[in-house]
Amino acid sequence: MKMSDMIADFIAEMLSEGGGIAELQRRQIADRFSCVPSQVNYVIDTRFTPENGYWVESRRGGGGFIRIVRVMDDKQRALVDAARGLGGRLSQNNAAKLVRAFVSAELLTAREGSLLLSACSDGALAEIPAEYRDTIRASIMRCGILGIAT
């Protein structure tokens, strides 16, 4: 396992034990993992970002600390990851499969799924030329999922 993975796992464990909030000092973590404080900064800067559902407050200096707050739960993060993973095109059939999977996994309610499918349907996109519908459908689905998640 890479050093950065071990540090990230340690911080994630601190977040879990702290109910979504972790306060830490760079130097203490660096000493624990026998690395330089900039390695800890790298992990925080790349893994604990707002896009990944975290808010980070940092105070430097002798009594400095880093406070990390989880602002998205696992359900929200899963939806954000799914939205990011959507390609540039999405057929109506694949949109329906995706929504069914989200509802089945309880990431979306049945009502949210129905609304997304309605917004992405060929009927809603009837005035859009057929060759552009899958691209627009993917965009609507992405924005809808992100809107639900955040």
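Select residues 3-17 to begin: this is helix H1, which lies across E1, E2 and E3 and runs at about 125° to E1. Here helices (H or I, at least four residues) and strands (E, at least two) are DSSP runs numbered from the N terminus, and angles run from 0 to 180 degrees between N-to-C directions of axes fitted to C-alpha atoms, for helices over the stretch in contact. This is a predicted model, where local features need pLDDT of at least 70 and side-chain atom pairs pLDDT 80 or more, while totals for chains, interfaces and linings use all residues. Residues are numbered from 1 along each chain as its sequence is written, and side-chain values use heavy atoms, without hydrogens and water.

Now show the strands. They form an open antiparallel sheet in the order E1-E3-E2 (two strands pair if DSSP finds at least two bridges between them). E1 and E2 (54-59) are the edge strands, each pairing on one side only. Four bridges join E1 to E3 (residues 65-70), with Glu23 opposite Arg67. Six bridges join E2 to E3, and there Ser58 stands opposite Ile66.

Last stop: select helices H4 (residues 74-85) and H7 (residues 130-149), whose axes come within 9 Å and cross at roughly 165°. They are therefore roughly antiparallel (angles over 145 degrees). Show side chains for Gln76, Leu79, Val80 and Ala83 in H4, which meet Arg142, Ile145, Leu146, Ile148 and Ala149 in H7 (contact means heavy atoms within 4.5 Å).

Key. Angles under 35 degrees count as roughly parallel, over 145 as roughly antiparallel, 65 to 115 as roughly perpendicular and the rest as oblique.
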